[in-house]
Amino acid sequence: MMRAYQDKNNVQKKPYYTDRFWVAPQIPKDDVESDEVFASDVKALKENFEIGEAYIQRGQLVVYINAKNNVKVLKFVKEKLQYNILSEHSAIDWLAKRGEFEIFYQLLSTCKKKRMRIKCFIKEKETLKSVTSIYKSADWAEREMYDMFGVIISGHHYMKRLLMPDDWFDYPLRKTYPLQGDEAAQWYEIDKIFGKEYRDVIGPEQRDSARIDPSDTHNFAHIKHEVPFGAKPSDKEVFTDYQEEGGVTIIRKLKKEDAKILKGRP
Amino acid sequence: MQKVNKLQPFFENLVFEREDNHMIVNFGPQHPSSHGQLRLILELDGEMVVKATPDIGYLHRGMEKMAENMIYNEFLPTTDRMDYIAATSNNYGFALAVEKLLDIEVPRRAKVIRMMLLELNRITSHLFWLACHALDIGAMTIFLYTFREREYAIDLIEDYCGARLTHSSIRIGGVPLDLPKDWIEKLQAFVDRLPADIADYEGLLDQNRIWKMRLEGVGVVTPEMAQDWGCSGPMLRGSGIAWDIRKEEPYELYDEVEFDVPVSTTCDSYGRYKLHMEEMRQSLRILKQLMPMYAQTTPEIMAHAPQYISAPKEQIMTQNYALMQHFVLVTQGMRPPVGEVYVATESPKGELGFYINSQGDPYPYRLKLRTPSFFHTAFLQELLPGHYLADVVAIIGNSNIVFGEIDR
């Protein structure tokens, strides 16, 4: 039997049905000239730097630049164009399709009340210059980007993984990163903490958080078949004394006349 | 450096011999006032913090990865777990980003209900913030009072959507339900009651000697620092910059209601405390204006966009085509156009942004969650040095960080 083909470059979940004739519509890219402020921003950028595509999408300016100029462009944008806040900075993984990362800097100008997105591409092993000297908010954003995508940053004062442990292998937000661990992963912690010889004693790691084990009476109770904590499960039906005859399970005998019904919170 | 061993603890931060007199203290992750799982490695000179290194990741669930493997509607309940103090604001941020992506218009009644929920969430979040902040400083009483009032606000939300903490009370394209009977009257009672309570808190704290000593001049954030570190919300307004996304880039009906943007020019923790109090009053003011607006709306609560959003229940149960479309939308998910959006909303903590890159698939190609607390925590490394160890707790409490949205 042949194994079903699996794209190793993208192991993410895929839609189980795709219409062959479906052509996804595009969000319109408006001309930069349609907005005065953005038009003058792009003009100023074009005079000083080599600029790729520039357009307005859903009210925000998108400008493509050369990744080598990122520090210079952002310095210019902050000092001359008054985009004073870097609200977000991260990457998109296009390694499988184009062998590169798309980096975006989401900027905000509180005086112009405008948002701009500066984008650039870098290859997998290329280094990107850190912009922490211009916007300090890039500090953790760059660390997270390195942690999640493996984008290499130069000139950062403390380049260390941010969210994942230091010894973590691979970069979780890449499309090649598996959604579930493989055969070896279920023994990883046991091997590391106790040693390989304990594999038989402890057993593989259970990674299904929703798993219910009816034979495990330490953690689960089987309604109407309750047994003491840790005892062997039994098939016999048990009626505990708090059980109302023919009533709802586990509710004590309720007398309506004893109950006090509150209309609202006191 | 100690050799890493299987069963022996590994003291990575303990340095026993140093030339200067500095001591390194490991604050958290299990610390009652670290507001979640924040680990701070503090270098102390006597009691003065010389260097602070925040360490996060203890609550990391990989939400961005989860989003890439879920249809858009599936991801909505996950957003509850970001800022779990004010869950609706996250639901809303995500719903608005997807609506912007799809370019659909939400009915007016849904807008009013959303705004009511958002402002109620802002109030619960600020009450919770005050409670925990005061408790960290040592004022136990205020905790009990604010939690009582927060309970009333949560009751209202519970009446509406059935949940108290993880609401999921907003859908992409509108809201799932209309307001229940008598809800407006209950809201009115709450709105009438809260101003007196806020006055009580201020009576307890405003001139309180301990409160003032612990907060005044502590955690001074200059406007330059705030902008440089990407601060938003009360942290930005606390340093004199009047930037409220509700005002500057109005979404929903925020351009139709009247409210002020409070700003503090003292730049310290006490100023931010006063600012939070004023923001609650402004939220009440918005709620007051929303109640008559609700009465004037027509009953539609979900947008009409059959390609992306299921038809109302009655239509699904009576019309074949609506049912077919509903089936496809539930099993396969909607397929938004190709493109990208970044949508920022003013959550109680600051600028909550959702960046969505769609390639026309039912799953987003990339979803980046921009959360205010993440940047405020990064800021701690510059804010803490120069303060005393005791002020660290005050500053963390004052910066209103929630770990659900830092680690995501």
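In chain B, strands β4, β5 and β6 form an open sheet of three strands, ordered β4-β5-β6 and paired in antiparallel fashion. The model is predicted. At the edges of the sheet lie β4 and β6 of chain B, each of which pairs on one side only. From one strand to the next, the twist averages 10°. The antiparallel strands β5(B) and β6(B) are joined by five bridges; B:Ile356, for instance, has B:Leu367 in β6(B) as its bridge partner. Helix α3 of chain B, residues 87-102, packs on this sheet and touches β4 and β5 of chain B. The direction of α3 makes about 150° with that of β4(B).

The description now turns to helix packing in chain B. Two packed helices are described by the angle between their axes and the distance between the axes. For helix α4 (residues 108-137) and helix α5 (residues 140-161) of chain B, the axes come within 8 Å and cross at roughly 160°. Since angles over 145 degrees count as roughly antiparallel, this makes α4(B) roughly antiparallel to α5(B). The crossing in which α4(B) passes α5(B) is left-handed. On the α4(B) side, the residues that make the contact include B:Leu117, B:Leu120, B:Ile123, B:Leu127 and B:Phe128. On the α5(B) side, they include B:Phe143, B:Phe147, B:Ala153, B:Ile157 and B:Tyr160. Sorted by class, the contact of α4(B) with α5(B) comprises 18 nonpolar, two polar and two charged residues.

Helix α5(B) also packs against helix α6 of chain B, residues 183-205, at an angle of about 165° and with the axes 11 Å apart. By that angle, α5(B) is roughly antiparallel to α6(B). The crossing of α5(B) and α6(B) is left-handed. From α5(B), the contact draws on residues including B:Thr141, B:Tyr145, B:Tyr152, B:Leu156 and B:Asp159. From α6(B), the residues in contact include B:Trp183, B:Lys186, B:Phe190, B:Leu194 and B:Tyr201. By class, the contact of α5(B) with α6(B) has 13 nonpolar, two polar and five charged residues. Among the residues of α5(B), B:Ile142 takes part in the contact with α4(B) and in the contact with α6(B).

Chain A contains six helices and seven strands. Read from the N terminus, its elements follow the order α-β-β-α-β-α-β-β-β-α-β-α-α. The radius of gyration of chain A is 29 Å, whereas the globule rule gives 18 Å for 266 residues; chain A is therefore more spread out than a compact globule. Along its principal axes, the C-alpha trace of chain A spans about 85 × 65 × 50 Å.

The two chains meet in a contact that takes 36 residues from chain A and 43 residues from chain B. On the side of chain B that touches chain A, the elements giving two or more residues are α1 (63-68), α8 (223-228), β4 (339-347), β5 (350-358), β6 (366-370) and α14 (372-383) of chain B. With five residues, β4(B) gives the most to that side. By class, the side of chain B that touches chain A has 15 nonpolar, eleven polar and 17 charged residues.

Definitions and conventions: Residues are numbered from 1 along each chain as its sequence is written. Chains are lettered from A and ligands numbered from 1 in the order in which they are written. This is a predicted model: local features need pLDDT of at least 70, side-chain atom pairs count only at pLDDT 80 or more; totals for chains, interfaces and linings use all residues. Two residues are in contact if their C-beta atoms, placed from the backbone, lie within 7 Å. Helices (H or I, at least four residues) and strands (E, at least two) are DSSP runs, numbered from the N terminus. Ala, Val, Leu, Ile, Met, Phe, Trp, Tyr, Cys and Pro count as nonpolar, Asp, Glu, Lys and Arg as charged, and the others, Gly among them, as polar. Two strands pair if DSSP finds at least two bridges between them. Axes are lines fitted to C-alpha atoms, for helices over the stretch in contact, and angles run from 0 to 180 degrees between N-to-C directions. Angles under 35 degrees count as roughly parallel, over 145 as roughly antiparallel, 65 to 115 as roughly perpendicular and the rest as oblique. A crossing is left-handed if the near helix is turned anticlockwise from the far one by less than a right angle, and right-handed if clockwise. The radius of gyration is taken over C-alpha atoms; the globule rule is 2.2 Å times the number of residues to the power 0.38.
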